[in-house]
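Student: Could we go through this structure together, one question at a time?

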Amino acid sequence: MPTLAQKKAVVEEITEDLNNSNALYITNYSGMSVAEINELRSEFYKGDIKYKVYKNTLVKRAMDEVGGYDDLYPHLVEQNGFAFVEEELAAPAKVIKKFKEEHKKPQFKAAIIDGDFYGEDKLETLAAMKSKSEVIGDIVGLLLAPVSNVVSALQAPGKKVAGAVESIAEKGEN
């Protein structure tokens, strides 16, 4: 049985994780073997996601200290694992979805992402979200598209460029 000092240390650790995370996912790992839980933990680790199993009462105490997690309180029952993520907010959903397809577990219960609550019916939506790097890539692609069009027009054979300039000049005269 953990001592009061040990429990306080765990609450402090959870509080620190909550403060450093932009998202918290809760999964129910009931019925999973130790090997499956270790495999799931390994998948989370590959995605730079901290996945821990804590007593629900200790997590609730840490949530009370941090604030903003009231919507998750009803989900703090049964055997839960908690995924803390800082950057790639959709990454845990992708890991959970893929793992669930192969093993039928864990059950996604809920998540808080940037202060917004997502229930168990939102796993597909969360897993479909683009990562931060994918969104940045899309934006860069959109910004570079006009530049690449100009460059390709300038690299075109002289007749095409001359023809384009002539068309523009004709439009200007009309």
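Student: Which residues does Ile113 touch, not counting those up to four places away in sequence?

Tutor: Good start! This is a predicted model, where local features need pLDDT of at least 70, side-chain atom pairs count only at pLDDT 80 or more, and totals for chains, interfaces and linings use all residues. Residues are numbered from 1 along each chain as its sequence is written, and side-chain values use heavy atoms, leaving out hydrogens and water. Taking contact as heavy atoms within 4.5 Å, Ile113 touches Asn22, Ala23, Tyr25, Leu89, Tyr118 and Leu126.

Student: Which members of the largest nonpolar core touch the most other members?

Tutor: A nonpolar core is a set of buried Ala, Val, Leu, Ile, Met, Phe, Trp, Tyr and Cys residues joined through side-chain atoms within 4.5 Å; buried means under 20% relative accessible area, exposed over 50%, partly exposed in between (1.4 Å probe, protein chains only). Of the 23 residues in this core, those touching the most other members are Tyr25, Leu40, Phe44, Ile49, Phe108, Ile113 and Leu126.

Student: Is Thr15 buried or exposed?

Tutor: Thr15 sits in helix α1, where helices (H or I, at least four residues) and strands (E, at least two) are DSSP runs numbered from the N terminus. Leaving out residues up to four places away in sequence, Thr15 touches Ala62, Glu65 and Val66. Its relative accessibility is 11%, so Thr15 counts as buried.
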